[in-house]
Each structure stands twice: as structure tokens, then as C-alpha cells.
Amino acid sequence: YAKIAGLDYKDAIAIGYGVASKNHSITLALSLTAFGGLAVLPPAFAPVVQIPLMLIILKTSPWLQKQFTYHKHVGSPVQEEGGV
């Protein structure tokens, strides 16, 4: 989504963290209300996986930035310098 929206890498990571960790309490409440007791186990277990995964992404962020950053081709160097 970030590439389609034209966001830079820092904004894309911020959106990723926000989407991944947001509304967890709402998920727990809805699963308990709609499905009952044992349906709460998967959303309750999610932070156990989610937080270490976010830390791994944070630590590998410089490498990931090099892999997923795209460069826009503005023009040839001759055109930018005003040459023919």
C-alpha cells in the first residue's frame, strides 16, 4: 500500500506498526462477545508473536529499507546539467 500511495520508507513502517498493534482490545472484546470463551485465545496470544516480530522488523529495518526502497528516475544526467 505504501508504494502505491507514494509514501517513503519511514511513513510505511509507521503505518505498519500502527496497523499491526492497533485495536487489539477491540478484537478481544468482539471475539468474546460474538463467539464466547475459547475464541479469546487467538487474539490473546497474538501479542506474544506480534511484539517479537515488530522488534525483528525494527532491527532489520536498514537492510529492509535497502531492499524495498525504489528510486524514481528523474532524467538522464545530461538533461539535468542542461547539456544537449
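Mentor: A helix here is a DSSP run of H or I covering at least four residues, and helices are numbered from the N terminus. With that in hand, the elements of the protein chain read α-α-α-α-α-α from the N terminus on. That is 6 helices and 0 strands. Keep in mind that this is a predicted model.

Some totals come before the close look. The protein chain has 84 residues, and 11% of them count as buried. Among contacts between residues at least 6 apart in sequence, 50% join residues at least 24 apart.

Now to the packing. Two packed helices are described by the angle between their axes and the distance between the axes. Helix H3 covers residues 24-35 and helix H4 covers residues 41-59; their axes are 8 Å apart, at an angle of about 155°. Angles over 145 degrees count as roughly antiparallel, so H3 is roughly antiparallel to H4. On the H3 side the contact is made by His-24, Thr-27, Leu-28 and Ser-31, and on the H4 side by Pro-43, Ala-44, Ala-46 and Pro-47.

Ser-31 of helix H3 deserves a separate look. Its relative accessible area is 9%. Buried means under 20%, so Ser-31 is buried. Leaving aside residues up to four places away in sequence, Ser-31 touches Gly-36, Ala-39, Val-40 and Pro-43.

H4 also meets helix H5, which spans residues 61-68; the two axes come within 5 Å and cross at roughly 70°. Because angles from 65 to 115 degrees count as roughly perpendicular, H4 and H5 are roughly perpendicular to each other. The residues that meet are Ile-57, Leu-58 and Lys-59 in H4 and Ser-61, Pro-62 and Leu-64 in H5.

Ile-15 lies in helix H2, residues 9-21. Its relative accessible area is 37%, so Ile-15 counts as partly exposed. Together with Tyr-1 and Val-19, Ile-15 makes a nonpolar surface patch of about 370 Å². From C-alpha to C-alpha, Ile-15 and Ala-2 are 8.4 Å apart in space, while in sequence they are 13 residues apart.

Technical notes:
Residues numbered from 1 in each chain as written. Predicted model: local features only at pLDDT ≥ 70, side-chain atom pairs only at ≥ 80, totals over all residues. Heavy atoms only, no water. Patch = residues over 30% accessible without salt bridge, like charges linked within 9 Å, V, L, I, M, F, W, Y side chains within 5 Å. Areas by Shrake-Rupley, 256 points an atom, 1.4 Å probe, with all protein chains shown as cover. Salt bridge = Lys/Arg side-chain N within 4 Å of Asp/Glu carboxyl O. Helix = DSSP H or I, 4+ residues; strand = E, 2+ residues; numbered from the N terminus. Buried < 20%, exposed > 50% of the residue type's maximum accessible area, 1.4 Å probe, protein only. Axes fitted to C-alpha atoms, helices over the stretch in contact; angles between N-to-C directions. Parallel < 35°, antiparallel > 145°, perpendicular 65-115°, else oblique. Contact = heavy atoms within 4.5 Å.
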